Amino acid sequence: MAKKSSHDHPEKMPTWKSDFPIKEEQVTHVGRREFAKFLGLLSGTLALGNGVIVIKALAFPAKPLEGEHFVCNADEVAVGEMFQFEIAGSKVIPYILIHLEENVWRAFEQKCTHLTCAVRYRKDLGKIECPCHHGFFSADTGEVLQGPPPRPLPRLEVVIRDGKVYVREEKQDQTV
Amino acid sequence: MSDFRRSQNEAHPNKTNTLMTAIIVLLILFVGIQIWFLFGALNNALQGNIYFAVTTFIGSFLLALASLWLLRYLPDPLKKSSGKKK
Ligand code: FES
């Protein structure tokens, strides 16, 4: 079989040919079969991944924050300033507290809804900025003003009592 | 000795190629739609839209079934068929 095909040098079969006794035609054929099978496998994996999302959403729904959490004393944060704090629950979630105006406070999750960069309050612009891809959020509502973030920043309700700042889960009545 | 399969193959020597291309294109299409579903499900599930996640999961599952079913129609490996002929 090899002699027939190597009619250029009929006297000797090249070493590579005896080492790889597979026809080129067969190689590409096998390659495409394997590729098709791989695509089938990939398809199954993607369906599985979609299933995991469903299971995760059903079995482990996002727990609301329980109770009130002390953040800091109200006089520690001047008007227009930002204060970073954390709340430890099932995982540690970083938040920012913004003293927008006299007696106006806001608290948001610090993780950008795009790729979870840390956002910060820009006093000069009056907006929350994500420095990673120049996303901007409203400092008042957390709505996306500009840039790639797909969702508004999750918000907490701020309660001032006896000169101390507390946060708690926002009541869900004013959601869109 | 000639049988139906062999005369078919001789009459249309490119048949395997066309078939293979068609299967691969279809599979890529399915996988593409599934990636789209998964992306949408991730984005939406984060917003608490469980209904979207369930719908895309069903769609994705059906597409996976279709992909696996398509694999049945892969042409035989050449080695095996040439072995049979001899
Ligand atoms: S991570 Fe915030 S804009 Fe991309």
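**Figure 1. The disulfide of the predicted model.** A search of the whole structure, which is a predicted model, finds one disulfide over all chains (a pair of cysteine sulfur atoms within 2.5 Å). The disulfide joins Cys117(A) to Cys132(A), with an S to S distance of 1.8 Å. Cys117(A) lies in the loop between strand E4 (104-109) and strand E5 (120-122) of chain A, and Cys132(A) in the loop between strand E6 (127-130) and strand E7 (135-138) of chain A, so the pair ties together parts that are 15 residues apart in sequence. The torsion about the S-S bond of Cys117(A) and Cys132(A) is about -85°, so the disulfide is left-handed.

Figure 2. Buried means under 20% relative accessible area, exposed over 50%, and partly exposed in between (1.4 Å probe, protein chains only).

Figure 3. Chain A contains three helices and 10 strands, where helices (H or I, at least four residues) and strands (E, at least two) are DSSP runs numbered from the N terminus. Along the sequence, the pattern is α-α-α-β-β-β-β-β-β-β-β-β-β. Of the 176 residues in chain A, 32% are buried. Among contacts in chain A (heavy atoms within 4.5 Å) with a separation of 6 or more, 38% are between residues 24 or more positions apart.

**Figure 4. The interface of chain A and chain B.** The contact takes 23 residues from chain A and 35 residues from chain B. About 2500 Å² is buried between the two chains (accessible area, 1.4 Å probe, lost on being put together and summed over both), and carbon and sulfur atoms give 75% of this area. By class, the side of chain A that touches chain B has 10 nonpolar, eight polar and five charged residues; Ala, Val, Leu, Ile, Met, Phe, Trp, Tyr, Cys and Pro count as nonpolar, Asp, Glu, Lys and Arg as charged, and the others, Gly among them, as polar.

**Notes to the figures.** Residues are numbered from 1 along each chain as its sequence is written, and chains are lettered from A and ligands numbered from 1 in the order in which they are written. Local features need pLDDT of at least 70, side-chain atom pairs count only at pLDDT 80 or more, and totals for chains, interfaces and linings use all residues, while side-chain values use heavy atoms, with hydrogens and water left out.
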